[in-house]
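Subject: A structure for you to explore

Hi there,

Here is the structure I promised to pass on. Have a look at it first, and then read my notes below.

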Amino acid sequence: MKFNILNLLSITLVSFLMSCAGSEPTDVQVEDPAAEVEVEVAEAPIDDIFYQVPSPNDLFNVLKDADISYNKEILNDLSRVESLNSKKAKALNFGVYAADLAYVSSLGQIGDASPIFETIRSLSKELEIENAMNDVIYSRIQDNLDASNPDSLFSLSNETYYKAYAYLDNNDRGDVLGMIVVGGWVEGLNIILNCQDYNDSSEVVQRIADQRLTLENLLVFASRIQNEDLDNIIAELAPVEELYNSLVVTEDSDFTSEESEDGVVVFGGGSTVSFSEEDFNNLKSIVAEIRASIIDGTL
Amino acid sequence: MRNLILLLTILISAPVSFWAQNQSECYNTVTFCPIGKRLGFTRNMQSFSGAFEQGDTSEVSIVVYKNMEYRISVCSPSHPELEGQLQFKIVEYVTKGTWVEKPKFKEEIYYDEDGMEQTRKVEDGVAKKRVYIKEPVVRYDNTEDQMSQDFIFQSNQTRKLNVKVYVPDDGGGEMSSGLSGSNYACIGLLIEHQPGIITGFSR
């Protein structure tokens, strides 16, 4: 028995050291003019870098300047919250409703924000994170709802998400945090996929293609949280990752860094990603399926 | 044997628990960082609070969206003596292609001393192989900007950027990677955003 325990500890130690050493090179799809030549991709190892994921509010900033009409039908039905039984389903749907709140407030739909906000408040109690969002925040949100102030509401919906995130992070509840972030990411992507039809010059479509970058961070962020439920949820995102990995990335022009008149540095140049109508429709279908399993509590 | 097991257990768990404890103590450090003087910035959820080792570099990966204006700043309320000394770089990992030449081999038939047919591998020219490597390229370095503790920028493309923060130790030092020493400081990496001006040059 002692030998076995020692072996186990040795294996654990070796595994720990190996995990610290970095990861294997990964495949990246890069356009290569010499297609007949064998291509191998090496990447910097994923070591002790902290991976952060933008919130749904960041995602929906693009809607403010786009000619997008508000579509209430793409929001999750609030009555579904009653049928959510497990902690996993509640956490995922907390993220879903947080993304819905961000969408609604980004387009200034104050009237629809209030019931979504109440649903989030109810879920936060069931997930025991109501301490993260104290009465001051609730009161400020209610004041902005009453005053019909969409810009402040958008900012406060961001704050709500941030508070929940920070609270869970600090209280070693990474599993719930990971599920909320995944739920919010899927719902955010589903919303902008349903905002408008494909148009290759649309900023919204470009933002959808850009989600390949946030997905990379999301997957590393979530995969570091030790939780079997979260592992299973992440596995469901594999078709999304596969689609994004199949996109062709082209280095368009050299990087530039110039200062504007008021002192803001503007980064220019870099790579663009090719995102066709077929890619758009395939992604829309894949995400709709994942989102359906989240909102009915079966994922 | 029991002592050996105990020692191994401590060796495995101690650095992790010490690090975790430090991380917890630094909870919400960014809320104490000075916010942008320019009106309109909102705190971004990619902001980061953590226990950063003095004399070492920590790295945070973020995504910045096209045509959004970002303000990145660093602060250490727990170590005011570090104010103005925190170094940070914004780095982008760029995929670069390079050709690598490897020898090609083919099978050749030959006859051994007994006249039996045999095969062997012989070199048959050189194969070119395209290898892509992601290399870090520095986009901003505050040591070349009078140690400014904040930086405002926007990008014409959505980019994944890594912010490398170096916390000097008492003896000063260069930006490096890897773990050494045991002094930690609570550092806030505050990221704020607001909608940018699309043209970028005529505000």
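In these notes, two residues are in contact, or touch, when they have heavy atoms within 4.5 Å of each other. Please keep in mind that this is a predicted model.

Let's start with A:Leu127, which sits in the loop between helix H4 (110-126) and helix H5 (135-146) of chain A. Is A:Leu127 buried or exposed? Its relative accessible area is 2%, and buried means under 20%, so A:Leu127 is buried. Leaving out residues up to four places away in sequence, A:Leu127 touches A:Lys87, A:Lys90, A:Ala91, A:Phe94, A:Arg173 and A:Val176. From A:Leu127 to A:Ala164 there are 37 residues in sequence, and their C-alpha atoms are 10 Å apart in space.

Next, look at two helices of chain A, H7 (residues 174-193) and H11 (residues 277-295). Their axes come within 9 Å and cross at roughly 135°, so H7(A) and H11(A) are oblique to each other. The crossing is left-handed. By class, the contact of H7(A) with H11(A) has nine nonpolar, one polar and three charged residues. Among them are A:Val186 and A:Leu189 in H7(A), and A:Phe280 and A:Leu283 in H11(A).

Finally, chain B. Its secondary structure consists of one helix and nine strands, and the helix comes at the N-terminal end of that order. Chain B has 203 residues, of which 48% count as buried. Of its contacts between residues at least 6 apart in sequence, 81% join residues at least 24 apart.

Happy exploring!

How values were computed
Residues numbered from 1 in each chain as written. Chains lettered and ligands numbered in written order. Predicted model: local features only at pLDDT ≥ 70, side-chain atom pairs only at ≥ 80, totals over all residues. Heavy atoms only, no water. Axes fitted to C-alpha atoms, helices over the stretch in contact; angles between N-to-C directions. Helix = DSSP H or I, 4+ residues; strand = E, 2+ residues; numbered from the N terminus. Parallel < 35°, antiparallel > 145°, perpendicular 65-115°, else oblique. Left-handed = near helix turned anticlockwise from the far one by under 90°. Nonpolar A, V, L, I, M, F, W, Y, C, P; charged D, E, K, R; others polar. Buried < 20%, exposed > 50% of the residue type's maximum accessible area, 1.4 Å probe, protein only.
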